[in-house]
Amino acid sequence: MRHNKTGRRLGRKPDHRQHMMRNMVTSFLEHEKITTTDTRAKELRRVVDKMITLGKRGDLHARRQALQVIRDRKVVGKLFEMIAPRYTDRPGGYTRIIKLENRQGDNAPMSIIELVEEEFTP
C-alpha cells in the first residue's frame, strides 16, 4: 500500500523522473508555457510553484536552492528578476492548466500549462 507517499511515479524510475522534471521546469520557466500530458502538468505545477515561491524570497540561499533544480543560470536569473516580481501580492496558484484534445498517437490526454497573468484580487 502507498500510504503517505506523495507524488506521481509517471512510469519512470526516480532518477529519470527527477531529471525529466528538472528539464520540464527549465523549459516552462524559459518559455512560460508548455504542452504536455495532464499527469505531467499536474506534477510540474507542484515544482514550478515552489520555484516561484523561492524567487519571491529573492535571497542568496533561495537562489542556490533554485539552482539545485534549475541548472541553467539564465533561467534562474529570469525567474528571480522577471517572473517572481509579478507575483509578489499573490499567495499561490501561479500556474493554470488548460485541457486539450487527446494526443493522436496514443490517445493520451494533453494539456497546456502556463503562468497566470491576471491580477490577484482577494
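Mentor: Start with a term. A nonpolar core is a set of buried Ala, Val, Leu, Ile, Met, Phe, Trp, Tyr and Cys residues joined through side-chain atoms within 4.5 Å. Buried means under 20% relative accessible area, with a 1.4 Å probe and protein chains only. This is a predicted model: local features need pLDDT of at least 70, side-chain atom pairs count only at pLDDT 80 or more, and totals for chains, interfaces and linings use all residues. Residues are numbered from 1 along each chain as its sequence is written, and side-chain values use heavy atoms, without hydrogens and water.

Trainee: How many residues has the largest nonpolar core?

Mentor: In soluble globular proteins, nonpolar side chains tend to be buried together. Here the largest nonpolar core has 26 residues. Among those with the most contacts inside it are Phe28, Leu44 and Ile52.

Trainee: What does Ile52 touch, not counting residues up to four places away in sequence?

Mentor: Contact means heavy atoms within 4.5 Å. On that count Ile52 touches Leu79, Ile83, Ala84, Tyr87, Tyr94 and Leu115.

Trainee: And the pockets?

Mentor: Rolling a probe the size of a water molecule over the atoms shows where empty space is left. The largest pocket holds about 280 Å³ of space. Its lining includes Arg17, Glu43, Lys50 and Met51. Sorted by type, the lining residues are 4 nonpolar, 2 polar and 5 charged.

Trainee: How much space lies in the second largest pocket?

Mentor: About 160 Å³. Arg86, Tyr87 and Phe120 are among its lining residues. That lining divides into 3 nonpolar, 1 polar and 6 charged.

How values were computed. On a 1 Å grid over the protein atoms alone, a cavity is a set of points where a 1.4 Å probe fits but cannot get out, and a pocket is an open set with protein on both sides within 12 Å along at least five of seven lines; lining residues have an atom within 4 Å of a point. Grid points are joined across faces, edges and corners, and a volume is the space filled by probe spheres set on the points. Ala, Val, Leu, Ile, Met, Phe, Trp, Tyr, Cys and Pro count as nonpolar, Asp, Glu, Lys and Arg as charged, and the others, Gly among them, as polar. Buried means under 20% relative accessible area, exposed over 50%, partly exposed in between (1.4 Å probe, protein chains only).
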